[in-house]
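Here's a protein chain to explore. Take a look at the model, and then we'll walk through a few of its features together.

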Amino acid sequence: MDDYNDLILQFDAFVRSFKQNKDVANSFLIGAGASISSGIQSATDCLWEWKKDIYCSNNDNVGNIFQNYKTDTIQKIIQEWLDKQGIYPIQGDENEYSFYAEQTYPIEEDRVKYFKNLSKDKAPYIGYKLLCLLNKFGVVKSVWSTNFDGLVPRAAHQLNITPIEINLDNDGQIFRNSSDSELLYIALHGDYKYSKLKNTSNELDNQSEIFSDKLKHYFADKNLIVCGYSGRDKSLMDALLVAFKEKGSGRVYWCGYGDDIPINVRNFLLSVRQYGRKSYYISTDGFDKTMISLVKACVENDKEKII
């Protein structure tokens with residue numbers, strides 16, 4: 001069996017492993033994919049909305065048909081026009097997201113407002129509630145997120161859990177002593193409620209040095225479960241790799257959607273192994289179904305917890 005196949009851990013085996021290690025301090029890293037069922041647009045949909053807006057603002061008399069920018073036909077028309085301009089990255093380029101975020105809204109305050117509107121009036125769906133429930137059970141100690149939606153703190157409040165929100169404006173608080181009654185929530189890309197929001201190429205270029213330093217020590221003895229995150233942010237991936245270069249017992253469980261492992265994720269997991277740490281890729285049916293399975297496994301012999 002080659003290294004690629006050896007990375008794969010079957011979903012049922014992952015659930016059993018999580019259950020067996022529920023007494024270990026577990027942490028989650030969640031991305032935009034976790035928020036889709038809560039009604040928040042995916043990163044891919046944001047990208048196509050930005051492309052559509054650029055196209056429409058540069059072409060007079062475009063019809064309302066372009067509002068349906070999620071269809072293949074409309075995306076093809078938009079992409080062909082962008083390609084002809086000779087100034088936009090090719091489709092699939094790793095820098096597309098950051099380029100179009102800045103190109104569409106070059107004024108930072110406009111980008112902040114865009115993301116604020118994305119998450120306005122959105123309520124956390126079942127996966128977020130179950131994630132916070134695992135914190136209440138003492139299984140999950142912290143959630144690290146690349147999202148701007150604030151769904152984790154909202155879900156925590158609904159379960160009478162105190163979320164300790166740490167972001168780019170108060171990153172020094174990450175070294176505070178945490179209580180068992182609190183959920184540590186680290187917004188790695190900032191939050192629309194605060195002044196510093198990371199989205200463009202310059203903003204995504206470097207993770208907070210304080211966050212990176214904390215990562216090196218934090219995951220020495222804690223498992224990291226990744227859900228709904230594509231691994232597109234090179235600075236975060238580099239910071240995670242530095243963290244797992246350190247000697248320790250903490251593992252990486254990368255929960256992806258479907259069987260194909262993105263090459264950047266595969267390379268990261270292989271590098272983690274080269275440093276002597278354990279890492280696995282798990283094919284899942286999405287964040288919510290994953291959280292349902294994990295909670296069921298953790299409470300099957302203690303069902304009064306969820307009553």
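## Starting with a helix

Which helix holds Ile126? Ile126 has its place in helix H7, residues 126-136. Helices here are DSSP runs of H or I with at least four residues, numbered from the N terminus.

Before going on, a word about the model: it is predicted, so local features need pLDDT of at least 70 and side-chain atom pairs count only at pLDDT 80 or more, while totals for chains, interfaces and linings use all residues. Residues are numbered from 1 along each chain as its sequence is written, and side-chain values use heavy atoms, with hydrogens and water left out.

## Salt bridges

How many salt bridges does the structure hold? There are six, each being a side-chain nitrogen of Lys or Arg within 4 Å of a carboxyl oxygen of Asp or Glu.

One of them pairs Asp6 with Arg273, whose closest N and O atoms are 2.7 Å apart. This pair links distant parts of the chain, 267 residues apart: Asp6 is in helix H1 (residues 3-6) and Arg273 in helix H12 (residues 263-274). Asp6 is partly exposed at 37%, and Arg273 is partly exposed at 23%. Another salt bridge joins Lys51 and Glu96, at 2.7 Å from N to O. Lys51 belongs to helix H3 (residues 43-57) and Glu96 to helix H5 (residues 96-104), so this pair ties together parts 45 residues apart in sequence. Lys51 is buried, at 1% relative accessibility, and Glu96 is buried too, at 6%.

## Inside helix H3

Why call H3 largely enclosed by the rest of the structure? Because 12 of its 15 residues are buried, including Trp48, Trp50 and Lys51. Their cover includes helix H4 (72-85), H5 and helix H6 (108-118).

How values were computed
Helix = DSSP H or I, 4+ residues; strand = E, 2+ residues; numbered from the N terminus. Buried < 20%, exposed > 50% of the residue type's maximum accessible area, 1.4 Å probe, protein only. Contact = heavy atoms within 4.5 Å.
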